[in-house]
Amino acid sequence: MQSQPQEPVSMPQTLTSTLEHIVGQLDVLTQVGCDMNSSHCLYWAWPLEHLKLAMKLCVDKHKTQKDKADNPYVFHPLRVAAAGKDYDQIVLGLLHDVVEDTDYTVDCIKEEGFPDAIVESLDAISKRSDEQLDAYLRR
C-alpha cells in the first residue's frame, strides 16, 4: 500500500515550528541543575526568562513578515542576536525590530519586565514612527 504524498509545509510554518521548538528547549535549560555527585553540571548565568521571552516575541511578531528577497524576515533579528557579544546584545538583537516594525512599543517591552538597561538601549536604537531619519541618527 502506497502512502499518499504529504502536502508541502510552507517555509514560515516550518520556521515557526523550529523556532518554537528552540524556545521550548529553553524550558529544559531552566529545569536542569547540578548534581553535586556528578562531574556534569549546566550553569546558565543569564536570566533565561528574558532571553526566552525575547525569542518568543521575535518569532511571534515577525513570523509572517518577509524581507526584500521574500525570505522570512525573522532570520534578520536572529542573525543580529547571534552576533551579540553579551546577554544584552543578544536580547537587543532579538527585539530591535519588534519595536520598529510591529505594533509592539518600548512601553510594552518595559511592561514585560525586561531590565531597564535593555529597555533604555532598545529605546535608544529604535527609530520612532514619527521621527525623521536625520533626527534618529543624531539621537
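**Entry 1: Glu131 and Arg128**

I started with Glu131 and Arg128, whose side chains meet in a salt bridge at 3.8 Å, N to O. I noted the rule: a side-chain nitrogen of Lys or Arg has to lie within 4 Å of a carboxyl oxygen of Asp or Glu. Is Glu131 buried or exposed? Glu131 counts as buried, at 13% relative accessibility. Arg128 comes out at 32%, which counts as partly exposed. My cut-offs here are under 20% relative accessible area for buried, over 50% for exposed, and partly exposed in between, with a 1.4 Å probe and protein chains only.

**Entry 2: what I am looking at**

This is a predicted model, where local features need pLDDT of at least 70, side-chain atom pairs count only at pLDDT 80 or more, and totals for chains, interfaces and linings use all residues. Residues are numbered from 1 along each chain as its sequence is written, and side-chain values use heavy atoms, with hydrogens and water left out.

I looked up the overall build next. Helices here are DSSP runs (H or I, at least four residues), strands are E runs of at least two, and the numbering goes from the N terminus. Of the 139 residues in the chain, 30% are buried. The accessible surface is about 9,600 Å², and carbon and sulfur atoms own 53% of that; the areas come from the Shrake-Rupley method with a 1.4 Å probe, and for residues only the protein chains shown count as cover.

How many salt bridges does a search of the whole structure find? It finds six. One of them joins the side chains of Lys61 and Asp103, at 3.5 Å, N to O. Lys61 lies in helix α2 (residues 48-62) and Asp103 in the loop between α4 (87-101) and α5 (106-111), so this pair ties together parts 42 residues apart in sequence. Lys61 is partly exposed at 22%, while Asp103 is exposed at 64%.

Then I checked Arg138 and Asp134, where the closest N and O atoms are 3.6 Å apart. Both sit in helix α7 (residues 133-138), four residues apart, which puts about one helical turn between them. Arg138 is exposed at 65%, and Asp134 is partly exposed at 46%. I also found a network: salt bridges that share partners join Asp123, Arg128, Glu131 and Arg139.

**Entry 3: α2 against α4**

Two packed helices are described by the angle between their axes and the distance between the axes. For α2 and α4, the axes come within 9 Å and cross at roughly 30°. The axes are lines fitted to C-alpha atoms, for helices over the stretch in contact, with angles from 0 to 180 degrees between N-to-C directions.

Which residues make the contact? Among them are Leu51, Ala54 and Lys61 of α2, and Tyr87, Ile90 and Leu94 of α4. Contact means heavy atoms within 4.5 Å.

**Entry 4: Tyr87**

I finished on Tyr87, which lies in helix α4 and is buried, at 8% relative accessibility. Tyr87 and Leu51 are 36 residues apart in sequence, but their C-alpha atoms are 8.1 Å apart in space.
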